[in-house]
Amino acid sequence: MSRLNSLLAAACAVPLSVAAAAAPAVPVLTAMPAKDGKEARAARAEAARLRALAQRVTIARDKWGIPHVDGKTDADAVFGLLYAQAEDDFHRVELNFINAMGRLAEVKGEAELYRDLRMKLFVRPEGLKTQYAASPAWLKKLMNAWADGLNYYLQTHPDVQPQLITRFEPWMALSFSEGSIGGDIESVDLKELERFYGKRALVPVAAAGSDLDHEPSGSNGFAIAPAISKSGHALLMINPHTSFYFRPEVQVSSAQGLNAYGAVTWGQFFVYQGFNDRLGWMHTSGGGDVIDEYLETVTERDGKFFYRYGSEERVLKAVAIRLPYKTATGMAEKTVTAYFSHRGPVVRGLDGKWVSVRLMNEPLKALQQSWLRTKARNYAEFYKAMELRTNSSNNTVYADADGNIAYFHGNFIPVRDPRFDYRKPVDGSDPATDWQGLHAVKDTIQLFNPKNGWIQNTNSTPFTAAGAYSPKASDYPAYMAAQPENARGIHAVRVLENRKDFTLESLIAAAYDTQLTAFEPLLPRLFAAWEELPDGDGLKAGLSPQIHALRRWDMRYALESVQTSLAVFWLQDLAKIFGPAAKAKQMPVLDYIATQLAPQERLFALARASAKLKEDFGSWQTPWGEINRFQRLTGDVVQPFDDSKPSIPVPYASGNWGALAAYGMTSAPGTKRIYGERGNSFVAAVEFGKRVRAKSILAGGQSGDPASPHFMDQAEMYARGEFKDVLFYKEDLERNLERRYHPGE
């Protein structure tokens, strides 16, 4: 039943058969009681306006359920894109904006109160409404269409009950404008925030075990120049490592030059990682240091708080922030008075001082940049979009049909006084610690057509991005490159260097290379520790079969490999035990394990891993495919897992161990098997010739509805690393068409 048609039938007071004849494409609904006067006229006008917009948009679903949205204008296309997203998973669309606006506690309860406060320190409706009013006309049209598409979906789907947002307003699009998984705001520690503003002592929280506790968020991006491709065309590998189902696959086009294909974060109206017919872009999390903390020396007088700044004292701005939250019996509310310096909000205390934080908060410019790059036709236009400098949390790997490949390490890079160490809080009373504007794009770390012919980034250092032709660390301030090398970065260089004749298929094969590079420096130390034990030692005899098995291993994952199971359980054990010590020494845990352990500690961990495998699976000689699985049982945002229910064996392994095709579990396991939740999600490989040629794969499927045929139709292919052809052109789509319709039909 359609709310919109109910309103129409009621307002017009005509028989349903007449309404149906006038608009046969729209479902016929039971009439609601007629409305009178101004409200009825407004309902009629709104209904007619949205129905007219819907007729300007066509959604074509291909055989995989992927929406190909086409509109007369860019705004029409945005309307259709949001309608199609809502069809596939309205719950995720709504939840992203509930969270982005700091309203999660209104649906999930008091436990989310300080998560909401964290968002509201930076994102508040009054500010977004002001920026919406000041936005350029072209962007305002897109935001209006964004809201219209979602509202039209709700009007035509009365069976879908929103958790909170019953009507979307155009300004809300600005609350989630940059596209990253968590964004910079989520770097603010929730426990410290509650400790500061909650006015009560919290139970101490144990430090995180290590940097390997969870599957890392991030991505891989590879670009191949024509000189080393078989076709003489540039190639791009788009390989985000996100939580599964975080971004669906779409194509969105218009008669105004829009034609973008790729992954869109639920609820956003721009393709975040993808390509058009001329160029492509891949974002990898990372970049430079973009978030800084300041130690504020605070005093109180007459009920006001002041902070020292040079020779003066400045008033900390006090802002009352309302925090409604759901209870068992209804709603309650807490009001927190938050404090702001000229740099940003106070987020915690440290050694008797208050700590304020500064980060990028430019939603209007960020939304413009996110949109404009999707319409760029060449490197110059893409570069111009980059000059807005609001992609704060990402690097960008680029390729185009003119044969160019490029890399931008970060985009939003504040200018700082290099005398200070911004890796820790700096003295806020010293004006010299303030940001001094932003670095121009031309002054940031980047590459353009390096002579080696390839570029890679895996959330790692930029100084190995192009082998010998990489940027040099000595040419840039240290704060421009915050990430060290990682095991995936080492692996990426290895599969790209000294190769010629790349094709789309061989690039995919490189991105799915099975080597686990993290074990290369670690296993020889394990073998040496075993050799050092005297003959007759019980531990040496007990571990002899495991050591001999690992010595025969080529350090490549495979479904049938028992060595993969043993090695992964061994390294997981070491990371869990020695992670806190590595953290205390400020060392990456793999480096700590390689250099700081006593020989017997390596052997004891192997014994524990063997025992764990035997306890859970009956033998330490359990093939990896019996342990590592793909399972999707429901459309829930947080997936349940069940060892007794069907699942698919998956060969991939954690990016922590150097797997380029990353796959890992992020929640606390309540199962014996490992079920993937993060890693390869939407993956695409693109060749930019006279016509774009591309292949892609999506974890599970396009739809979030378990009843849909597109809930799991890509799962088996995903597990095999088998890609589908991207249906970019209309003639290809026509041959693989499942359904074509206007929104509301």
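**Close-up views of a predicted model**

View 1. Strand S11 (residues 304-309) pairs with S12 over four bridges, in the antiparallel sense. One of the facing pairs consists of Arg 308 and, in S12, Glu 313. The model shown here and in the other views is a predicted one.

View 2. Strand S5 spans residues 249-254 and is mostly covered, with six of its six residues buried. In a regular strand, side chains alternate between the two faces of the sheet. In S5, Glu 249, Gln 251 and Ser 253 point one way, whereas Val 250, Val 252 and Ser 254 point the other way. Strand S2 (residues 67-71) runs parallel to S5 and is joined to S5 by four bridges. Within this pairing, Gly 71 has Ser 254 as its bridge partner in S5. Strand S6 (residues 259-263) runs antiparallel to S5, and five bridges join the two. Here Val 252 stands opposite Ala 260 of S6. S5 and S6 form a hairpin with four residues between them, and Gly 257 in the turn has a positive phi of about 100°.

**View 3. Two residues with positive phi that are not glycines.** Tyr 245 has a positive phi of about 70° although it is not a glycine. Tyr 245 is placed in the loop between strand S4 (234-243) and S5. With a relative accessibility of 10%, Tyr 245 counts as buried, because the limit for buried is under 20%. Asn 449, also not a glycine, has a positive phi of about 50°. The loop that holds Asn 449 lies between strand S20 (446-448) and strand S21 (454-457). Asn 449 is partly exposed, its relative accessible area being 32%.

View 4. His 409 is found in the loop between strand S18 (405-408) and strand S19 (426-427). The side chain of His 409 makes a polar contact with the side chain of Tyr 407, at 2.6 Å. The side chain of His 409 also reaches the backbone oxygen of Gly 287 at 3.5 Å. When neighbours within four places in sequence are left aside, the residues in contact with His 409 include Gly 288, Asn 395, Ile 445, Ser 460, Pro 462 and Met 480.

**View 5. Trp 570 and the nonpolar cores.** The largest nonpolar core has 112 residues, of which Phe 275, Phe 519, Trp 570 and Phe 630 touch the most other members. Helix H16 (residues 562-584) contributes the largest share of this core, nine residues. Apart from this core lies another, of 98 residues, among them Trp 171, Tyr 309, Ile 321 and Tyr 339. Leaving aside neighbours within four places in sequence, Trp 570 is in contact with residues including Phe 519, Leu 522, Leu 523 and Leu 526. Further contacts of Trp 570 include Arg 602, Ala 605, Leu 606 and Ala 609.

Terms used: Residues numbered from 1 in each chain as written. Predicted model: local features only at pLDDT ≥ 70, side-chain atom pairs only at ≥ 80, totals over all residues. Heavy atoms only, no water. Polar contact = N/O pair within 3.5 Å; in protein donor to acceptor, adjacent residues only side chain to side chain. Contact = heavy atoms within 4.5 Å. Buried < 20%, exposed > 50% of the residue type's maximum accessible area, 1.4 Å probe, protein only. Pairing = 2+ DSSP bridges. Core = buried A, V, L, I, M, F, W, Y, C linked by side-chain atoms within 4.5 Å.
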